[in-house]
Amino acid sequence: MAVRIRPLQRADVAATSALHEEVLHMEFLARAGRGFLRRYHWAWMDTDDAVALAAVDDHEVVVGFLLGALRPAGHFRSMVRRHGPQLAGALLIAAIRRPSFGRELVTTRLVRYVRGLGRMAWATANGRRRRPPGGGPVPTATQRAVGEVTHVLVRPDLQGSGAGRALLDAAAAASRAAGVEELMLVTPPELSGAVGFYEHLGWEHAGRLTSRSGEDFLRFRLPL
Ligand SMILES: CC(C)(COP(=O)(O)OP(=O)(O)OC[C@H]1O[C@@H](n2cnc3c(N)ncnc32)[C@H](O)[C@@H]1OP(=O)(O)O)[C@@H](O)C(=O)NCCC(=O)NCCS
């Protein structure tokens with residue numbers, strides 16, 4: 001099967017959210033369900049710093065996708081500024097529809113999310129966050145410009161056919177062209193398929209981290 005990589009489009013979100021829920025069912029965001037994921041993918045691709053790519057087959061069917069950011073901090077700020085209320089609404093609906101997800105949201109993340117939104121609203125109201133176009137902090141001469149890949153996945157029956165590599169190659173090329181010097185990603189240690197895949201593609205181990213919600217991750221970096 002020939003796979004082509006192209007930018008993700010708004011019309012793809014029904015397919016990407018279904019894939020996300022199916023393939024990464026163990027992830028917190030995926031547990032929120034397809035409705036939330038649809039809104040999340042749309043919000044993700046709607047910033048200047050987004051890297052959002054689809055892998056499509058000969059019939060233009062989406063068989064995989066990748067989400068990342070050229071300047072992660074600026075990307076998340078734009079995402080919340082443009083889509084914050086809709087994302088919060090979709091999260092609330094998911095929490096009501098799926099009580100176990102709702103409990104997890106309240107116990108592990110709610111306070112942090114509300115504080116973050118409050119800080120952003122305060123900063124926006126006070127005009128303290130004037131950013132250059134693109135929204136992210138401009139790296140100083142001594143800082144490396146570090147982009148991020150947050151999701152890459154391929155439809156189960158097509159895993160192993162080169163789509164994952166094609167998505168990461170395209171993300172690296174787009175990031176390099178935008179001046180990014182290094183890509184980072186994190187993955188749970190128990191996702192052994194993903195760990196082997198990143199190692200095989202030349203990503204370097206860059207330590208471990210525990211998220212503020214208490215989950216363990218392995219960090220990987222790819223100098224560009
Ligand atoms: C991980 C994933 C994205 C890889 O995509 P893929 O399309 O299956 O991988 P590819 O076919 O492009 O593989 C590229 C290369 O990596 C190698 N590879 C893939 N998985 C590997 C593994 N676990 N260990 C070692 N090498 C691996 C392939 O053999 C191939 O090698 P080659 O190009 O030198 O022949 C895909 O399997 C997937 O969606 N997994 C479930 C979701 C997931 O874990 N996502 C990552 C976390 S967000």
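Mentor: Start with β3 and β4. They run antiparallel, and six bridges join them. Keep in mind that this is a predicted model.

A residue counts as buried when its relative accessible area is under 20%.

β3 has another partner. Strand β2, residues 50-56, pairs with β3 in the antiparallel sense, over seven bridges. Pick out two places along that pairing. Ala 52 stands opposite Leu 67 in β3. Ala 55 stands opposite Gly 64 in β3. Next, look at the turn. β2 and β3 form a hairpin with five residues between the strands. There Glu 60 takes a positive phi, near 65°.

How many residues of β2 are buried? Seven of its seven are, and the strand is mostly covered. Check it face by face. On one side sit Ala 50, Ala 52, Ala 54 and Val 56, and on the other Val 51, Leu 53 and Ala 55. Both faces are covered, for those residues are all buried. β2 also pairs with β1, residues 4-7. That pairing is antiparallel too, over four bridges. Here the bridge partner of Arg 4 is Val 56 in β2.

An oxygen atom of the ligand is 2.7 Å from an N or O atom in the side chain of His 200. Backbone atoms take part as well. A polar backbone atom of Gly 164 is 2.8 Å from a ligand oxygen. For a polar backbone atom of Arg 165, the distance to a ligand oxygen is 2.8 Å. How much of the ligand does the protein cover? Alone, the ligand exposes 930 Å², and the protein buries 71% of that.

α8 gives the largest share, six residues. In total, 19 residues surround the ligand. The closest are Val 154, Gly 160, Gly 162, Arg 165 and His 200. By type, the shell divides into 10 nonpolar residues, eight polar and one charged.

Pro 223 is found in strand β7, residues 216-223. Its relative accessibility is 36%, so Pro 223 counts as partly exposed. Beyond its neighbours within four places in sequence, Pro 223 is in contact with Arg 144, Glu 181, Glu 182 and Glu 204. Take Glu 204 from that list. Pro 223 and Glu 204 are 19 residues apart in sequence, and 8.6 Å apart in space from C-alpha to C-alpha.

Note on methods
Residues are numbered from 1 along each chain as its sequence is written. This is a predicted model: local features need pLDDT of at least 70, side-chain atom pairs count only at pLDDT 80 or more; totals for chains, interfaces and linings use all residues. Side-chain values use heavy atoms; hydrogens and water are left out. A residue is near a molecule or strand if one of its heavy atoms lies within 4 Å of it. A polar contact is a pair of N or O atoms within 3.5 Å; within protein, one must be able to donate a hydrogen and the other to accept it, and residues adjacent in sequence count only if both atoms are side-chain atoms. Accessible areas come from the Shrake-Rupley method with a 1.4 Å probe; for residues, only the protein chains shown count as cover. Helices (H or I, at least four residues) and strands (E, at least two) are DSSP runs, numbered from the N terminus. Ala, Val, Leu, Ile, Met, Phe, Trp, Tyr, Cys and Pro count as nonpolar, Asp, Glu, Lys and Arg as charged, and the others, Gly among them, as polar. Two strands pair if DSSP finds at least two bridges between them. Buried means under 20% relative accessible area, exposed over 50%, partly exposed in between (1.4 Å probe, protein chains only). Contact means heavy atoms within 4.5 Å.
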